[in-house]
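Let's take a walk through a protein model together. Keep the picture in view as you read, and find each residue as it comes up.

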Amino acid sequence: MTDVKYGRGYVYSIQYHIVWCVKYRHKVLVGDIDVRLKERLQQIATDNGFTISEIETDCDHIHLLIDCTPQHSIPTMIKTLKGVSARLLFKEFPSLKKKLQGGHLWNPSYFVATVSENTEQQIRL
């Protein structure tokens, strides 16, 4: 269960389940790329003041469970996570860009759902 947090004049508990795919569903999230992606995403979240509680990849897509404040907007968080992670991975793994048509790592779409105490355990499984 997510802890309730306190802000200045408000109380909150906000979690999102976010999923997005590699462009054209190429199966590139394996080995060192998978490990570094997870490390990079955790650092990006920390740098931007939110937390990734859970992170899982499956070769061509990624699932995140994010805890954030009411000030964080979903599109901004996702844009930051996708944009910065792609730039850093392409820099560290130049061969990755050659594998992907057009040099884009992520599909521009994403899925997001709010998470309640009732659904959190299902997502964590």
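**A pocket and its surroundings**

Helix H2 gives the most to the lining of the largest pocket, with seven residues. Helices here (H or I, at least four residues) and strands (E, at least two) are DSSP runs, numbered from the N terminus. Before going further, note that this is a predicted model, in which local features need pLDDT of at least 70 and side-chain atom pairs count only at pLDDT 80 or more, while totals for chains, interfaces and linings use all residues. Residues are numbered from 1 along each chain as its sequence is written, and side-chain values use heavy atoms, with hydrogens and water left out.

What is a pocket? On a 1 Å grid over the protein atoms alone, it is an open set of points where a 1.4 Å probe fits, with protein on both sides within 12 Å along at least five of seven lines; a cavity is a set of points where the probe fits but cannot get out, and lining residues have an atom within 4 Å of a point. About 180 Å³ of space lies in the largest pocket, where grid points are joined across faces, edges and corners, and a volume is the space filled by probe spheres set on the points. Of the 15 residues that line this pocket, Lys82, Gly83, Ala86, His104 and Trp106 are the closest to its centre. The lining divides into eight nonpolar, four polar and three charged residues. In this count, Ala, Val, Leu, Ile, Met, Phe, Trp, Tyr, Cys and Pro are nonpolar, Asp, Glu, Lys and Arg are charged, and the others, Gly among them, are polar.

Now look for the nonpolar core. In soluble globular proteins, nonpolar side chains tend to be buried together. A nonpolar core is a set of buried Ala, Val, Leu, Ile, Met, Phe, Trp, Tyr and Cys residues joined through side-chain atoms within 4.5 Å. Buried means under 20% relative accessible area, exposed means over 50%, and partly exposed lies in between (1.4 Å probe, protein chains only). The largest core has 32 residues, of which Trp20, Leu41, Leu64, Ile66, Leu81, Leu96 and Leu105 touch the most other members. Two or more core residues come from each of strand S3 (14-21), helix H1 (31-47), strand S4 (51-57), strand S5 (61-68) and helix H2 (74-92). Helix H2 supplies the largest share of this core, seven residues.

Which residues does Leu105 touch, not counting residues up to four places away in sequence? Its partners are Val22, Lys23, Val28, Ala86, Leu89, Phe90, Leu96 and Leu100, where contact means heavy atoms within 4.5 Å. One of these partners, Leu89, has its place in helix H2. Leu89 counts as buried because its relative accessible area is 0%. With residues up to four places away in sequence again left out, Leu89 touches Ile33, Arg36, Leu37, Leu96 and Leu105.

Next come the aromatic rings. A pair of them is described by the distance of the centres and the angle of the planes. Rings of Phe, Tyr and Trp (its six-membered ring) pair if their centres lie within 6.5 Å; planes under 30 degrees apart count as stacked, over 60 as edge-to-face and the rest as tilted. How many aromatic pairs does a search of the whole structure find? There are two. Tyr10 and Tyr12 form a tilted pair, 5.8 Å centre to centre with 40° between the planes. Tyr10 is partly exposed, at 29% relative accessible area, whereas Tyr12 is buried, at 13%. Trp20 and Trp106 form an edge-to-face pair, 5.5 Å centre to centre with 85° between the planes. This pair links distant parts of the chain, 86 residues apart: Trp20 is in strand S3, and Trp106 is in the loop between helix H3 (94-99) and strand S6 (111-114). Trp20 is buried at 1% relative accessibility, and Trp106 is buried at 8%.

Finally, visit a few other residues. Asp34 is in helix H1 and touches Leu29 and Thr57, not counting residues up to four places away in sequence. Asp34 is buried, with a relative accessible area of 14%. Asp67 lies in strand S5 and is buried, at 10%. The C-alpha atoms of Asp67 and Ile14 are separated by 5.8 Å, although these residues are 53 apart along the chain. In the loop between S3 and H1 you will find Arg25, whose phi is near 55°, a positive value in a residue other than glycine.
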